[in-house]
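Please keep the sequence and the 3D view open as you read.

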Amino acid sequence: MTTDSEPAVRSKLLESFATVFPDAKERSLRVFRAPGRVNLIGEHTDYNDGFVMPMAIDFEVRSLCETNRSGKLFVHSIQQQQTVDFTLDETTPAARGDWSDYVRGVQLQLSSGGLHLSGVSLLIDGQVPIGAGLSSSAALEIVVALALLDAMHAEMDRTTLARLCQRAENEFVGARCGIMDQFASANSKAGHAMLLDCRSLQATYVPVPEHVALVICNTMVKHSVATGEYNQRRGECEECVRYFQRFLPHVSSLRDITEEDFRELGTGLPMVLSRRAKHVISENLRVLQAGQALREGDLQTLGKLMYSSHASLRDDFQVSCPELDLLVELARRFPGVYGSRMTGGGFGGCTVNLVEKTASAQFVNYMARSYYEKTGMQPDIYVTTAADGAGPIDNSQANLRRCTESKALS
Ligand code: GLA
């Protein structure tokens, strides 16, 4: 969680930069941040051109870099305690299968758009829990893109930025994710949920009432099926689209199928595909209803929609797991909870819970105790607020030498 002040965060990072890259020249460096996200409702709808309602959270990835003439990209991750280097003009760059692929993927996308580097040293400080479904990878992509763009004195609008980072993940890392995570990390607004139309990429911001807390409960499990099953679900949705196109040529994604179309035509789909389509079609409607409920401050309705979303993900899209189901059932029994559901891709990771603020401390204790009693695992639990999207940390320029000197003096 972000607890340090911005100047403190910046000077700590400048110190680390000088330690990891002792050859760094004296010059001003800007530090960037990009947050993880939690999705309130609208799961597995983004890659079906549908609707989602995420918000950025208080966990973020930070980065700063300095350009040079080394012909290489050096990247150091504080969390991984590892430096990796890549030759920038390599003709057939291959993924390494680790965290650095997100960095390399973004740099390659920038380069294919004509933004070439002559050499760069990059420092990463990732605070978003990894593998928890809170978009640590999208935050990493966005922050790296911002730092590299700044180093090249280039600008990019936030929609193009989100798309570029999504392509890096689709094409270089090999995960066929949708646009939600990158878009939320780049464009969120503090105190608001973002209702995003993933077809037009139009976002509207809905205030989150001050009297509710968003509590994220981590199952502490990530089932190994996650990536394979995710890509398989995308394939199944594409199969559904091909089926409906036989009757409705205007259809280009599941977003275009109405409930009536599904009732009339869906009976010809194999059972598994029919369930997948049912989830996406009903989830899109739930997101729109949830947006309306949040606008009206009707948290009872919003909560019910969250529970229905979870049931649909569990029974029809089949991306939940016993640990997520347990967390949702435990939350349902606690007074002061409006709604609870899995958030993110599924197969482990976290639930998001909408809880009356006055009940949130007791809720945290109750969830920690009850989950431990049933599973023997201590869940990580975070009470979070809707944060701002990515940007520079403290707009003023920071001076590397001054910072290292003051350290020497103290
Ligand atoms: C992951 C993907 C997103 C989205 C969710 C499921 O987080 O990165 O694009 O598809 O799963 O809603």
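## Gln 107 and its surroundings

Let's begin with one side chain: not counting residues up to four places away in sequence, Gln 107 touches Leu 73, Leu 88, Leu 117 and Leu 148. Contact here means heavy atoms within 4.5 Å. Gln 107 belongs to helix 2, which covers residues 100–112. Helices (H or I, at least four residues) and strands (E, at least two) are DSSP runs, numbered from the N terminus. With a relative accessible area of 4%, Gln 107 is buried. On this scale, buried is under 20% relative accessible area, exposed is over 50% and partly exposed is in between, using a 1.4 Å probe and protein chains only. Asp 89 lies 18 residues from Gln 107 in sequence, and their C-alpha atoms are 11 Å apart in space.

Before going further, a word on where this comes from: the model is predicted, so local features need pLDDT of at least 70 and side-chain atom pairs count only at pLDDT 80 or more, while totals for chains, interfaces and linings use all residues. Residues are numbered from 1 along each chain as its sequence is written, and side-chain values use heavy atoms, with hydrogens and water left out.

## Val 106, also in helix 2

Is Val 106 buried or exposed? Its relative accessibility is 0%, so Val 106 counts as buried. Val 106 is placed in helix 2. Leaving aside neighbours within four places in sequence, Val 106 is in contact with Glu 141, Val 144, Ala 145, Leu 164, Cys 165 and Ala 168. Ile 142 is 36 residues away from Val 106 along the chain, with 8.4 Å between the two C-alpha atoms.

## The whole protein

Stepping back, the protein has twelve helices and 15 strands. For 410 residues, a compact globule would have a radius of gyration near 22 Å, and the protein agrees with its 22 Å. That radius is taken over C-alpha atoms, and the globule rule is 2.2 Å times the number of residues to the power 0.38. The C-alpha trace spans about 70 × 50 × 40 Å along its principal axes.

Of the 410 residues, 57% are buried. Among contacts with a separation of 6 or more, 73% come from residues 24 or more positions apart. The accessible surface is about 17,200 Å², and carbon and sulfur atoms hold 48% of this surface; the areas come from the Shrake-Rupley method with a 1.4 Å probe, and for residues only the protein chains shown count as cover. The 41 positive and 49 negative charges have mean positions 1 Å apart. Lys and Arg count as positive and Asp and Glu as negative, with His and the chain ends not counted.

## Strands 2 and 4 and their partners

Which strands does strand 4 pair with? Strand 2 (residues 32–39) pairs with strand 4 in the antiparallel sense over seven bridges, and seven bridges also join strand 4 to strand 7 (residues 120–126), again antiparallel. Two strands pair if DSSP finds at least two bridges between them. Strand 4 (residues 54–67) has 13 of its 14 residues buried, so it is largely enclosed by the rest of the structure.

Strand 2 is likewise largely enclosed, because eight of its eight residues are buried. Two bridges join strand 2 to strand 14 (residues 391–392), and the two run antiparallel. There, Arg 33 has Gly 391 as its bridge partner.

Three strands, in the order 3-8-9, make up an open sheet with antiparallel pairing. Strand 3 (51–52) and strand 9 (202–207) stand at the edges with a single partner strand each, so one side of each has no neighbour in the sheet. Strand 3 is joined to strand 8 (residues 192–197) by two bridges, and Val 52 stands opposite Leu 196 in strand 8.

## Two positive phi angles

Most residues other than glycine have a negative phi. Met 220, in strand 10 (residues 212–222), has a positive phi near 70°. Met 220 counts as partly exposed, at 37% relative accessibility.

Phe 347 also has a positive phi, near 60°. Phe 347 sits in the loop between strand 11 (337–343) and strand 12 (348–356), and counts as buried at 8% relative accessibility.

Conventions. The place of a charge is taken as NZ of Lys, CZ of Arg, CG of Asp or CD of Glu.
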